[in-house]
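Work through the exercises below with the model open. Try each task before you read its solution.

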Amino acid sequence: QVQLVESGGRLVQAGGSLRLACAASGRTFSSIHMGWFRQAPGKEREFVARISASGGSTYYADSVKGRFTISRDGAKSTVYLQMNSLKPEDTAVYYCAGAWPFTPNDYQYWGQGTQVTVSS
């Protein structure tokens with residue numbers, strides 16, 4: 001079992017930066033792929049970024065490519081989302097999630113979310 005706790009969300013002005021963190025409990029962090037998702041009011045949850053268990057592979061949604069960077073620190077069992085050049089449309093609740101490599105699209109573990117609000 002893996003428990004995930006996000007932090008770092010807050011109100012920021014457009015053009016600013018934020019770094020979200022997701023701390024994982026348990027010994028399996030290094031074995032699972034990690035992803036970030038977001039859900040804006042009135043919209044469906046959407047994929048933002050993912051990183052492989054080894055950290056050697058990353059993938060981003062087109063809407064954040066070049067602005068956001070996902071990374072992970074095995075020693076701290078934490079995955080990060082560095083968000084630069086933020087836009088009002090990035091406003092959402094951001095969730096981190098974990099998936100086993102043999103079912104990479106089946107995110108079984110989810111955090112409670114952290115609110116990011118970008119003002120214009």
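Predicted model: local features only at pLDDT ≥ 70, side-chain atom pairs only at ≥ 80, totals over all residues.

**Exercise 1. Determine how many helices and strands the chain has, and in what order the elements run.**

Solution. Step one: count DSSP runs, where helices are H or I runs of at least four residues and strands are E runs of at least two, numbered from the N terminus. The chain has zero helices and 11 strands. Step two: read from the N terminus; the order is β-β-β-β-β-β-β-β-β-β-β.

Residues are numbered from 1 along each chain as its sequence is written, and side-chain values use heavy atoms, with hydrogens and water left out.

**Exercise 2. Characterise the surroundings of threonine 78.**

Solution. Step one: threonine 78 lies in strand S8, residues 78-83. Step two: its relative accessibility is 8%, so threonine 78 counts as buried. Step three: list contacts (heavy atoms within 4.5 Å). Beyond neighbours within four places in sequence, the partners of threonine 78 include Ala21, Cys22, Phe29 and Arg72. Step four: a polar atom of the threonine 78 side chain lies 2.8 Å from the backbone oxygen of lysine 76.

**Exercise 3. Which phi values do serine 77 and serine 85 have, and where do these residues lie?**

Solution. Step one: serine 77 has a positive phi of about 50 degrees, though not a glycine. Serine 77 sits in the loop between strand S7 (68-73) and S8. At 17% relative accessibility, serine 77 counts as buried. Step two: serine 85 has a positive phi near 50 degrees and is likewise a residue other than glycine. Its loop runs between S8 and strand S9 (92-99). Serine 85 is partly exposed, with a relative accessible area of 42%.

**Exercise 4. Is histidine 33 buried or exposed, and what does its side chain meet?**

Solution. Step one: histidine 33 is in strand S4, residues 33-39. At 18% relative accessibility, histidine 33 counts as buried. Step two: a polar atom of the histidine 33 side chain lies 2.9 Å from the backbone nitrogen of alanine 53. Step three: histidine 33 and asparagine 105 are 72 residues apart in sequence, with 9.4 Å between their C-alpha atoms.

**Exercise 5. Find the side chain that glutamine 82 joins by a polar contact.**

Solution. Step one: glutamine 82 lies in strand S8 and is partly exposed at 27% relative accessible area. Step two: apply the polar contact criterion (a pair of N or O atoms within 3.5 Å; within protein, one must be able to donate a hydrogen and the other to accept it, and residues adjacent in sequence count only if both atoms are side-chain atoms). The partner is asparagine 84, at 2.9 Å.

Terms used:
Buried < 20%, exposed > 50% of the residue type's maximum accessible area, 1.4 Å probe, protein only.
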